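Please work through the exercises below with the sequence and the structure at hand, trying each task before reading its solution.

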Amino acid sequence: MKITIISSSMRRESQTNKIGKTIKVLLDRKAISENIPLESVHVDLVSYGLPFFDDTIEDTPELQSLWKPLSEHLATSDGFVFITPEWNGTASPMLKNFFMYVDTELAHKPALLVSTTANATNGAYPIAELRSGSYKNTHIIYIPHHVIVRNVNTVCNSDIPNQESKEDVSIHGKITHSLDELITYATYLSQMRAEKPFDLEKFPYGM
Ligand SMILES: Cc1cc2nc3c(=O)[nH]c(=O)nc-3n(C[C@H](O)[C@H](O)[C@H](O)COP(=O)(O)O)c2cc1C
């Protein structure tokens with residue numbers, strides 16, 4: 001099983017990317033401790049430099065060669081973690097731009113949404129926005145749990161939770177539990193897709 005983690009801050013040195021690294025460590029640790037065939041890959045979307053989508057990809061070989069490796073990577077994944085910062089009250093525009101490029105690579109696959117904020121109370125808007133706005137054409141399945149990493153600068157600064165920080169222990173617990181849920185969905189949904197492939201051509205853009 002392959003889980004791809006995509007962090008989507010537009011900053012090259014970001015707290016969102018830090019959370020992506022933590023999630024990869026937790027997944028790798030789970031694979032070893034439970035002896036399960038689980039591969040995880042972490043992509044910091046900013047490193048791809050995908051231009052603003054303008055519907056010219058079919059006629060632009062340079063754009064195709066930029067998108068193709070990422071597309072193939074998504075197509076061979078069984079589940080996803082999308083991590084977005086809250087910037088100006090919204091989800092990452094770069095992540096929303098990424099969804100414009102997606103065709104069927106994410107279809108009927110589970111995903112965990114994670115948002116980050118430096119604030120003590122924010123972080124809900126990007127989750128609500130992505131849950132409502134990014135599933136229709138991608139056919140992605142967001143799992144019931146999501147994680148909001150508040151006060152992000154002060155948590156997940158080490159691979160092992162800081163036992164003296166209730167917030168750090170709590171967020172590690174929430175992430176771990178949500179990843180368990182994601183892996184269960186990924187296991188059974190991949191079986192489901194193999195046994196009964198969906199017709200992705202009938203309503204490719206949803207209803
Ligand atoms: C341009 C910009 C706008 C931001 N707007 C918000 C916001 O509306 N609400 C919020 O809670 N945090 C906001 N933040 C703080 C980020 O949520 C915070 O820095 C978080 O760590 C994610 O940023 P990073 O992954 O880019 O480091 C903003 C940060 C930047 C750079």
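This is a predicted model: local features need pLDDT of at least 70, side-chain atom pairs count only at pLDDT 80 or more; totals for chains, interfaces and linings use all residues.

**Exercise 1.** Determine how helix α1 and helix α5 are oriented to each other, and which residues meet where they pack.

Solution. Begin with the geometry: α1 (residues 15-33) and α5 (residues 166-195) pack at an angle of about 60 degrees, and their axes are 11 Å apart. Next, consider the handedness, for α1 passes α5 in a right-handed crossing. Finally, list the residues: I23, L26, L27 and K30 of α1 meet I175, T176 and L179 of α5, and the residues of this contact comprise five nonpolar, one polar and one charged.

**Exercise 2.** Find which residues touch the most other members of the largest nonpolar core.

Solution. The core has 36 residues, and those touching the most other members are V81, F82 and V114. Among the elements that each supply at least two residues of this core are β1, β3, β4 and β5, while α5 gives the most, with seven residues. Turning to F82, and setting aside neighbours within four places in sequence, its contacts are I6, S8, L95, A111, L113, V114 and L130.

**Exercise 3.** Decide whether S14 is buried or exposed.

Solution. First locate S14, which is found in the loop between β1 and α1. Then count: S14 has 20 C-beta neighbours inside 10 Å, and therefore counts as buried. Beyond residues up to four places away in sequence, S14 touches S9 and P85; S14 and P85 are 71 residues apart along the chain, yet their C-alpha atoms are separated by 9.1 Å.

Notes. Residues are numbered from 1 along each chain as its sequence is written. Axes are lines fitted to C-alpha atoms, for helices over the stretch in contact, and angles run from 0 to 180 degrees between N-to-C directions. Helices (H or I, at least four residues) and strands (E, at least two) are DSSP runs, numbered from the N terminus. A crossing is left-handed if the near helix is turned anticlockwise from the far one by less than a right angle, and right-handed if clockwise. Two residues are in contact if their C-beta atoms, placed from the backbone, lie within 7 Å. Ala, Val, Leu, Ile, Met, Phe, Trp, Tyr, Cys and Pro count as nonpolar, Asp, Glu, Lys and Arg as charged, and the others, Gly among them, as polar. A nonpolar core is a set of buried Ala, Val, Leu, Ile, Met, Phe, Trp, Tyr and Cys residues joined through C-beta atoms within 7 Å. A residue is buried if 20 or more other C-beta atoms lie within 10 Å of its own, exposed if 12 or fewer, and partly exposed in between; C-beta atoms are placed from the backbone.
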